[in-house]
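Please walk me through this structure, one feature at a time. I am new to reading protein models.

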Amino acid sequence: MTALPEELISQLCDLITRLREESAAYQENHEDGQLWYNRGYANGMVKGLVELLADQQPCGQSLDDEADLQGHEVMAWGQAYRHGEQMGYKETFEIAGQK
């Protein structure tokens with residue numbers, strides 16, 4: 001577990017909330033890869049915070065249900081989600097000063 005400044009945690013939580021609100025309808029919008037990317041990015045941030053904070057629901061957020069992605073993994077939008085997820089995870093650690 002890493003001690004992160006409360007202000008940083010608050011900013012990350014705000015970003016997760018905003019991205020999730022903006023991408024709430026991502027599953028109905030296959031043509032909009034950016035929505036899928038943003039949703040994945042937010043999920044990657046949650047994954048990163050789960051590890052950094054040793055909290056299964058950081059910011060009161062749960063990880064997206066993997067079942068929601070079944071059948072989409074090979075499609076462009078599913079790949080956008082996974083790329084966003086990887087970047088959100090990676091950049092959360094970078095912002096936190098972790099590797």
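What follows is a tour from the nonpolar cores to the aromatic rings, the disulfide and the charged residues.

Keep one thing in mind at the start: this is a predicted model.

Begin with the nonpolar cores. The largest one has 17 residues. Leu 4, Ile 16, Met 45, Leu 49 and Leu 52 have the most contacts inside it. Two elements, helix 1 and helix 2, each give two or more residues to this core. Helix 2 provides the largest share, with 8 residues. Now look at Leu 4. Leaving aside neighbours within four places in sequence, Leu 4 is in contact with Ile 9, Leu 49, Leu 52, Leu 53 and Ala 96.

Tyr 26 leads us to the aromatic rings. A pair of such rings is described by two things, the distance of the centres and the angle of the planes. The structure holds 5 aromatic pairs. One of them joins Tyr 26 and Tyr 81. Their ring centres are 6.2 Å apart, with 25° between the planes. The pair counts as stacked, because planes under 30 degrees apart fall in that class. Where do the two partners, Tyr 26 and Tyr 81, lie? Tyr 26 is in the loop between helix 1 and helix 2, while Tyr 81 is in helix 3, so the pair ties together parts that are 55 residues apart in sequence. Tyr 26 is buried, at 4% relative accessibility. Tyr 81 is also buried, at 0%.

Next comes the pair of Tyr 37 and Tyr 41. Its ring centres are 6.2 Å apart and its planes meet at 35°, so this pair is tilted. Both residues sit in helix 2, 4 residues apart, which is about one helical turn. Are they buried or exposed? Tyr 37 is partly exposed, with a relative accessible area of 23%. Tyr 41 counts as buried, at 14%. Some rings also gather in a group: Tyr 26, Trp 36, Trp 77 and Tyr 81 form one aromatic cluster.

Now turn to the cysteines. How many disulfides does the count come to? The count is 1 disulfide. Cys 13 and Cys 59 form it, with their sulfur atoms 1.9 Å apart. The torsion about their S-S bond is about -70°, so the disulfide is left-handed. Cys 13 lies in helix 1 and Cys 59 in the loop between helix 2 and helix 3, so the bond ties together parts that are 46 residues apart in sequence. Cys 13 is buried, with a relative accessible area of 14%. Cys 59 is partly exposed, with 29%.

Cys 59 has another feature to notice. Its phi is near 65°, a positive value in a residue other than glycine. Ala 54 also has a positive phi, of about 50°, although it is not a glycine. Ala 54 lies in the loop between helix 2 and helix 3, and Cys 59 is found in that loop too. Ala 54 counts as exposed, at 56% relative accessibility.

The last stop is charge. The count comes to 7 salt bridges. Follow Glu 85, which is found in helix 3. Glu 85 counts as buried, because its relative accessibility of 7% is under 20%. Its side chain meets that of Lys 47 in a salt bridge, at 3.4 Å from N to O. This pair links distant parts of the chain: Glu 85 is in helix 3 and Lys 47 is in helix 2, 38 residues apart. Lys 47 is partly exposed, with a relative accessible area of 29%.

Glu 85 also forms a salt bridge with Arg 82, and the closest N and O atoms are 2.8 Å apart. Both residues lie in helix 3, 3 residues apart, about one turn of the helix. Arg 82 in turn forms a salt bridge with Glu 66, at 2.6 Å between the closest N and O atoms. Arg 82 lies in helix 3 and Glu 66 in the loop between helix 2 and helix 3, so this pair ties together parts that are 16 residues apart in sequence. Arg 82 is partly exposed, at 23%, and Glu 66 is partly exposed, at 38%.

Lys 47, Glu 66, Arg 82 and Glu 85 are linked in a network of salt bridges.

Definitions and conventions: Residues are numbered from 1 along each chain as its sequence is written. This is a predicted model: local features need pLDDT of at least 70, side-chain atom pairs count only at pLDDT 80 or more; totals for chains, interfaces and linings use all residues. Side-chain values use heavy atoms; hydrogens and water are left out. Buried means under 20% relative accessible area, exposed over 50%, partly exposed in between (1.4 Å probe, protein chains only). A disulfide is a pair of cysteine sulfur atoms within 2.5 Å. Rings of Phe, Tyr and Trp (its six-membered ring) pair if their centres lie within 6.5 Å; planes under 30 degrees apart count as stacked, over 60 as edge-to-face and the rest as tilted. A nonpolar core is a set of buried Ala, Val, Leu, Ile, Met, Phe, Trp, Tyr and Cys residues joined through side-chain atoms within 4.5 Å. Contact means heavy atoms within 4.5 Å. A salt bridge is a side-chain nitrogen of Lys or Arg within 4 Å of a carboxyl oxygen of Asp or Glu.
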